[in-house]
Amino acid sequence: RAALLERVADVLSARRGEAIATMVHDAHKVVAEADAEVSEAIDFARYDAALARDLDSHAADVRHRPLGPIVVTPPWNFPLAMGTRKMGPAFAAGCTMIVKPAQETPLTMLYLAKLMDDAGLPKGVLSILPTSDPGGVTTALIDDGRLRKLTFTGSTGVGKALVKQSSDKLLRTSMELGGNAPFIVFDDADVDAAVDGAILAKIFLGEIKSWND
């Protein structure tokens, strides 16, 4: 599994241009931001490869077992990096997964799946499930009863609903929830630096969709 994740990083490095072009088309990122996200995804894959090797380095009385099938829901604004970040640890542990990409950016995840297939990922380990009905599909997956975990990055409201649904099946959950946070500037702050920081934070890709809405 460690070798597989290293190959994923190698293939992504070799196809950096393709990955950048996919995100520019899919998520409307500027080239520089897409390039930075590719670097982040490569780093995540290599980090998780090291984790996979570390699983066998503990004392003899420690046993690691895969948790089981996982549903992964990466966010629309960082589809490649966050997809790799969520999938890498699951691969390192030996879990299978279903990835439900954000309906705004399905192409990046399909590209990543093709890349992982080319890197030698065994058939059946990863399934990509694009949908225009994310709520209905996620509910059906949770109600199926074979899942062991759900990981979600997105809005607080959707996260609360997913945790509530998951509790009926005793699913483990990992939630990264949030939205627009308040920006507080104290009297003793460097106002120019604060303004620069606020502008950078608010025009970053994660905020553009809320403005357009």
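The legends below describe several views of one predicted model.

Residues are numbered from 1 along each chain as its sequence is written. In this predicted model, local features need pLDDT of at least 70, side-chain atom pairs count only at pLDDT 80 or more, and totals for chains, interfaces and linings use all residues, while side-chain values use heavy atoms, with hydrogens and water left out.

**Figure 1**
Helices (H or I, at least four residues) and strands (E, at least two) are DSSP runs, numbered from the N terminus. Read from the N terminus, the order of elements is α-α-α-β-α-β-α-β-α-β-α-β-α-α. The chain has a radius of gyration of 19 Å, close to the 17 Å that the globule rule gives for 213 residues, so it is as compact as a globular protein of that length. This radius is taken over C-alpha atoms, and the globule rule is 2.2 Å times the number of residues to the power 0.38. Along the principal axes, the C-alpha atoms fill a box of roughly 55 × 45 × 40 Å. Of the 213 residues, 38% are buried. Buried means under 20% relative accessible area, exposed over 50%, and partly exposed in between (1.4 Å probe, protein chains only).

**Figure 1. The largest nonpolar core, with 37 residues.**
A nonpolar core is a set of buried Ala, Val, Leu, Ile, Met, Phe, Trp, Tyr and Cys residues joined through side-chain atoms within 4.5 Å. Met 87, Phe 91, Met 97 and Leu 126 touch the most other members. Two or more residues come from each of helix 1 (2–14), helix 2 (16–27), helix 3 (31–54), strand 1 (70–73), helix 4 (79–93), strand 2 (97–99) and helix 5 (106–118). A second, separate core has nine residues, including Val 71, Leu 141, Leu 147 and Leu 171. In soluble globular proteins, nonpolar side chains tend to be buried together.

**Figure 2. Met 87 and Leu 112, two residues in contact.**
Contact means heavy atoms within 4.5 Å. Leaving out residues up to four places away in sequence, Met 87 touches Val 72, Met 97, Val 99, Met 109, Leu 112, Met 116 and Leu 126. Leu 112 lies in helix 5 and is buried, with a relative accessible area of 1%. Apart from neighbours within four places in sequence, Leu 112 is in contact with Leu 80, Gly 83, Thr 84 and Met 87.

Most residues other than glycine have a negative phi. Leu 170 counts as exposed, at 75% relative accessibility.

**Figure 3. Glu 33 and its polar contact with Lys 29.**
A polar contact is a pair of N or O atoms within 3.5 Å; within protein, one must be able to donate a hydrogen and the other to accept it, and residues adjacent in sequence count only if both atoms are side-chain atoms. The side chains of Glu 33 and Lys 29 are joined at 3.0 Å. Glu 33 belongs to helix 3 and is buried, with a relative accessible area of 17%.
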